[in-house]
Amino acid sequence: MLMDKAIEARGKAYAPYSKFSVGAALLLENNEIILGNNQENAAYPSGLCAERVAIFAASANHPQKKMLAMAVTCRHSEKPTLTPFASCGACRQVMLEYELVQENPIRTLFYGEDGEVWEVASTKLLL
Ligand code: THU
């Protein structure tokens, strides 16, 4: 269910430069799901990854709510993405900080367009 939401978010990404769309769905402890997707910009570093769009939106709007799990999926518009990717270092760093603050792991699920789902029990295992 969470991955379906991430796929929905992926479809709304703004990724005209890389053509690599990423969607994230973040489950909070109150069962609310916060969506994010990558937002690119002609000034390359000004864009943001899907994971951080979702995590920062959750922290900005629901600062007291624990982040329980996040589903992340990617798709390139010109070549099939059959292997998941695991978040970039900056996203891992951000996820880890919220894990530490909330004293609760964030379970993460990674998926491409088809094939395997990778599951990671805590960001501590990624970083
Ligand atoms: N991207 C994400 O959204 N999440 C990641 O963890 C890695 C990369 C985005 C950033 C950029 O818009 C595009 O994918 C290509 O790097």
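The model is predicted, and in it the ligand sits in the largest pocket. The structure also holds 1 aromatic pair, and the residues of that pair, Phe-20 and Phe-85, are both among the residues around the ligand.

**The shell around the ligand**

- The residues around the ligand are Ser-18, Phe-20, Val-22, Asn-38, Glu-40, Cys-49, Ala-50, Glu-51, Phe-85, Ser-87 and Cys-88.
- Sorted by class, this shell has 6 nonpolar residues, together with 3 polar and 2 charged ones.
- Two elements, β1 (20–28) and α2 (50–61), each supply at least two residues of the shell.

- An oxygen atom of the ligand lies 2.9 Å from an N or O atom in the side chain of Asn-38, and an oxygen atom of the ligand lies 2.8 Å from an N or O atom in the side chain of Glu-51.

**The aromatic pair**

- A pair of aromatic rings is described by the distance of the centres and the angle of the planes.
- The structure holds 1 such pair, in which the ring centres of Phe-20 and Phe-85 are 5.7 Å apart and the ring planes stand at 65°, so the pair is edge-to-face.
- This pair links distant parts of the chain, since Phe-20 belongs to strand β1 while Phe-85, 65 residues away, lies in the loop between β3 (67–76) and α3 (89–102).

Conventions: Residues are numbered from 1 along each chain as its sequence is written. This is a predicted model: local features need pLDDT of at least 70, side-chain atom pairs count only at pLDDT 80 or more; totals for chains, interfaces and linings use all residues. Side-chain values use heavy atoms; hydrogens and water are left out. A residue is near a molecule or strand if one of its heavy atoms lies within 4 Å of it. A polar contact is a pair of N or O atoms within 3.5 Å; within protein, one must be able to donate a hydrogen and the other to accept it, and residues adjacent in sequence count only if both atoms are side-chain atoms. On a 1 Å grid over the protein atoms alone, a cavity is a set of points where a 1.4 Å probe fits but cannot get out, and a pocket is an open set with protein on both sides within 12 Å along at least five of seven lines; lining residues have an atom within 4 Å of a point. A molecule sits in a cavity or pocket if more than half of its atoms lie within 2 Å of its grid points. Helices (H or I, at least four residues) and strands (E, at least two) are DSSP runs, numbered from the N terminus. Ala, Val, Leu, Ile, Met, Phe, Trp, Tyr, Cys and Pro count as nonpolar, Asp, Glu, Lys and Arg as charged, and the others, Gly among them, as polar. Rings of Phe, Tyr and Trp (its six-membered ring) pair if their centres lie within 6.5 Å; planes under 30 degrees apart count as stacked, over 60 as edge-to-face and the rest as tilted.
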